[in-house]
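Please open the model in your viewer and keep the sequence panel beside it, as the stops below are given by residue number.

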Amino acid sequence: MDRTRSLLDLGIDTAPSSSPLSYPGLVPAESGLLVDDLYLRLIPGRSVPLGRWEVMDADFLPLDTVLAGLGRPPISERRPVVCVGSNAAPAQMYAKLTRRSIRPVLPMVRAEVQGIRPGVSAHVSRPGYLPATPVADPDVTSALVVVWLDEAQLAAVEETEPNYRRLVLPAEAFPVRLPSGLPLTDPGCYASRHGCLVAATGVPRALKDQEALIEELLADVPGLRRLCGITPQEWLARTAAENVREAVRVRFRDAGVVLDQGGLCP
């Protein structure tokens, strides 16, 4: 395997869990296989199933062959999950899995997902960033990442998502197409239990740079500056306290800027 493909060498080793204003993290432009701290490029074949894609930085062997050589489950034994937030960032997934003593061997595939876009959950995460949640929008096709989790990885990721429920994205409403041209049937996707944030117009807010997002909310939501200060840096310092994060969640509700999310925010 090509050791020059480390997350550090590629400049994508910063995880939002330790650098909150970097949320949702750095996502490579190409599909890849995360192997420990390496990100190996995947080459999609036209109409070729994912397990037979070649791993460019592992002697062009088929993906399932590389997984077998690492003693890890093949694609057929993994669950695909569409990521709208930091789970699409290799450094974040590396941090989540290694902290739970799970080896990060994980296919991460760029895909086109019709009908959803990244919105903003109506809560503050423990590190202090405002995390993503999927928003339904029939006029949008988003470039997102699908991760293929084995059972142990899925259980570990579920532990990190107490504010989310894992939903199925039905193909008839939210078609997912892989770079091979093949469709992906009914993948999972994490949606916030707290709903999504909306602008003054009532339209769900779009996920954006965290500093800009925090500054907008401090200006737009009454009472938020009293709780969290006037800068993103003050926001991070104050929301380190659980009671402040909970107070922000309640303030969002009281200000009427939350749209409930039984399925996806419409």
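Predicted model: local features only at pLDDT ≥ 70, side-chain atom pairs only at ≥ 80, totals over all residues.

Residues are numbered from 1 along each chain as its sequence is written, and side-chain values use heavy atoms, with hydrogens and water left out.

Begin by selecting Ser125, Arg126, Thr160, Pro162 and Asn163, which of the 34 lining residues are the closest to the centre of the largest pocket. A pocket here is an open set of points on a 1 Å grid over the protein atoms alone, where a 1.4 Å probe fits, with protein on both sides within 12 Å along at least five of seven lines; lining residues have an atom within 4 Å of a point. The space in this pocket is about 840 Å³, the volume being that filled by probe spheres set on the points. Next colour α8 (242-254), which gives the most to the lining, four residues.

Now move to Val82, Leu130, Leu197, Leu224, Trp235, Val248 and Phe252, which have the most contacts inside the largest nonpolar core, a set of 55 residues. Such a core joins buried Ala, Val, Leu, Ile, Met, Phe, Trp, Tyr and Cys residues through side-chain atoms within 4.5 Å, where buried means under 20% relative accessible area with a 1.4 Å probe, protein chains only. Select β6 (105-120), since the largest share of this core, six residues, comes from β6.

Finally, show Ala95, Ile102, Leu149 and Tyr164, which are among the 23 residues of another core, lying apart from the largest one.

Methods. Helix = DSSP H or I, 4+ residues; strand = E, 2+ residues; numbered from the N terminus. Buried < 20%, exposed > 50% of the residue type's maximum accessible area, 1.4 Å probe, protein only.
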